[in-house]
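Q: Could you walk me through the helices and charged pairs of this one with me? I'd like the cut-offs spelled out as we go.

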Amino acid sequence: MTGRDEAAELAAALGEPQWQAPRVRPLDRRLAVDRDSVERGLASLVLTVIELLRQLMERQALRRVDLGDLTEEQVERIGSTLMALEEQMTQLREHFGLSPEDLNLDLGPLGPLLPTD
């Protein structure tokens, strides 16, 4: 017995008219998709991942500085690199009209993705 026969039998048992496969419409009719919202959503997702990685790198760098296993030159280079990356992120957020809060995904019961401190 095929899946469609079982569906027809179930529909008949429930007193429904004969089962018919759902009608599939093209995606553009089912979703109101405009280029700007898709671009902004994709930018938000990509920048969220980059921001998460930036914050993780910053924490790791601070741990290494606290441990004292970096030279002064390395500390200086890390500091300037992280500041430049944060500046780039600010520029990209502004370009796409996003705020820092837009990049902090709500994970429901787990809370926000990014720390708010």
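Q: Is R64 buried, partly exposed or exposed?
A: R64 counts as partly exposed, because its relative accessibility is 35%, where buried means under 20% relative accessible area, exposed means over 50% and partly exposed lies in between, with a 1.4 Å probe and protein chains only. This is a predicted model, in which local features need pLDDT of at least 70 and side-chain atom pairs count only at pLDDT 80 or more, while totals for chains, interfaces and linings use all residues. Residues are numbered from 1 along each chain as its sequence is written, and side-chain values use heavy atoms, with hydrogens and water left out.

Q: And what does the R64 side chain meet?
A: The side chain of R64 meets that of D69 in a salt bridge, at 3.7 Å from N to O; a salt bridge here is a side-chain nitrogen of Lys or Arg within 4 Å of a carboxyl oxygen of Asp or Glu. D69 is partly exposed, with a relative accessible area of 44%.

Q: How many salt bridges are there in the whole structure?
A: A search of the whole structure finds 5. Among them is the one between R54 and E58, whose side chains meet at 2.8 Å, N to O, and E51, R54 and E58 are linked in a network of salt bridges.

Q: How are R54 and E58 placed along helix 3?
A: They are 4 residues apart in helix 3, so about one helical turn separates them; helices are DSSP runs of H or I with at least four residues, strands are runs of E with at least two, and both are numbered from the N terminus. R54 is buried, with a relative accessible area of 7%, whereas E58 is partly exposed at 29%.

Q: What about the pair in helix 4?
A: E73 and R77 both lie in helix 4 (residues 72-95), 4 residues apart, about one turn of the helix, and their side chains meet in a salt bridge at 3.5 Å, N to O. E73 counts as exposed at 58% relative accessibility, while R77 counts as partly exposed at 49%.

Q: Back to helix 3: what span does it have, and what follows it?
A: Helix 3 has 33 residues and reaches 48 Å from its first C-alpha to its last, close to the 48 Å expected at 1.5 Å a residue, the expected span being 1.5 Å times one less than the number of residues. G68 follows helix 3 and has a positive phi, near 80°.

Q: Which residues are buried there, and what do they pack against?
A: The buried residues of helix 3 include A43, S44, L47, T48 and A61, and the buried residues of this helix pack against helix 4.

Q: What does Q55 touch?
A: Leaving aside its neighbours within four places in sequence, Q55 is in contact with L114 and P115, contact meaning heavy atoms within 4.5 Å. Q55 lies in helix 3 and is buried, with a relative accessible area of 15%.

Q: Which residues form the nonpolar patch on the surface?
A: L42, L45, V46, V49, I50, L53 and L56 form it, with about 600 Å² of accessible area together. Patches are made of residues with over 30% relative accessible area and no salt bridge, joining like charges within 9 Å and nonpolar side chains (Val, Leu, Ile, Met, Phe, Trp, Tyr) within 5 Å; accessible areas come from the Shrake-Rupley method with a 1.4 Å probe, and for residues only the protein chains shown count as cover. V46, one of the patch residues, is partly exposed at 42%.
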